[in-house]
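Please take a look at this model before reading on.

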Amino acid sequence: MWYVLYVLLATSMGFFILKDWVNDVQDHKRNQMVRNAASIEESCCFRLARVFISNWVEVVFLAALILLLLPSPPVLKIVLTTLLVLFVLRELLQITVSVKRYLTSVENWVEVGIILLTVVL
């Protein structure tokens with residue numbers, strides 16, 4: 001049941017990401033035509049590479065969605081560990097900004113608790 005719901009979520013997210021990329025390519029084509037109509041046309045591969053590079057976060061997100069479709073515990077462990085490391089890095093960045101403000105916020109204590117429970121489990 002949960003796997004079917006995840007497949008539906010991943011499919012819809014993938015659809016919206018691809019739709020966004022198509023819009024980016026069309027916008028780039030329009031901007032190129034407006035900027036210089038007399039210049040040389042860019043190749044399709046160059047446009048696609050530009051879309052992937054400018055939307056690298058979405059590329060990584062889409063790769064993670066596809067990896068999680070594989071019913072494999074090592075893949076799940078790698079993805080969850082990566083997300084946990086990113087979460088810890090975000091919390092460390094918040095601590096470096098203001099230690100006093102970080103320690104007085106209840107939300108930050110809850111997030112530290114989530115990190116500790118995740119590491120223990």
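The points below cover confidence, the core, the salt bridges and the surface.

1. Confidence. This is a predicted model. The mean pLDDT for the protein is 85. A score of at least 70 is reached by 93% of the residues. Helix α6 (residues 106–120) has the highest confidence, at 92. Helix α2 (residues 44–54) has the lowest, at a mean of 76. Read α2 with that value in mind.

2. The core. Eight residues make up the largest nonpolar core: Y6, A10, I17, W21, V25, V51, L62 and L65. The biggest share comes from α1, with five residues. In soluble globular proteins, nonpolar side chains tend to be buried together.

3. Leaving aside residues up to four places away in sequence, V25 touches R47 and V51. V51 is itself a member of the core.

4. Salt bridges. The whole structure has three salt bridges. Side chains of opposite charge can pair when their charged atoms come close.

5. The pair within α1. R30 and D27 form a salt bridge at 2.5 Å, N to O. Both sit in helix α1, three residues apart, or about one turn of the helix. R30 is partly exposed, at 48% relative accessibility. D27 is partly exposed too, at 35%.

6. R90 pairs with E91 at 3.1 Å, N to O. R90 also bridges to E111, where the closest N and O atoms are 2.9 Å apart. E111 lies in helix α6 and R90 in helix α4, so this pair ties together parts that are 21 residues apart in sequence.

7. Is E91 buried or exposed? E91 is buried, with a relative accessible area of 3%. E111 is buried as well, at 10%. Buried means under 20% here, so R90, at 39%, counts as partly exposed.

8. The surroundings of E111. Not counting residues up to four places away in sequence, E111 touches F87, R90, E91 and Q94.

9. A nonpolar surface patch. L76, L80, L83, V85, L86, L89 and L92 make a patch of about 650 Å². L92 belongs to helix α4 (residues 73–97). L92 is partly exposed, with a relative accessible area of 45%.

Technical notes. Residues are numbered from 1 along each chain as its sequence is written. This is a predicted model: local features need pLDDT of at least 70, side-chain atom pairs count only at pLDDT 80 or more; totals for chains, interfaces and linings use all residues. Side-chain values use heavy atoms; hydrogens and water are left out. A nonpolar core is a set of buried Ala, Val, Leu, Ile, Met, Phe, Trp, Tyr and Cys residues joined through side-chain atoms within 4.5 Å. Buried means under 20% relative accessible area, exposed over 50%, partly exposed in between (1.4 Å probe, protein chains only). Helices (H or I, at least four residues) and strands (E, at least two) are DSSP runs, numbered from the N terminus. Contact means heavy atoms within 4.5 Å. pLDDT is the predictor's confidence in each residue, from 0 to 100. Patches are made of residues with over 30% relative accessible area and no salt bridge: like charges are joined within 9 Å, nonpolar side chains (Val, Leu, Ile, Met, Phe, Trp, Tyr) within 5 Å. Accessible areas come from the Shrake-Rupley method with a 1.4 Å probe; for residues, only the protein chains shown count as cover. A salt bridge is a side-chain nitrogen of Lys or Arg within 4 Å of a carboxyl oxygen of Asp or Glu.
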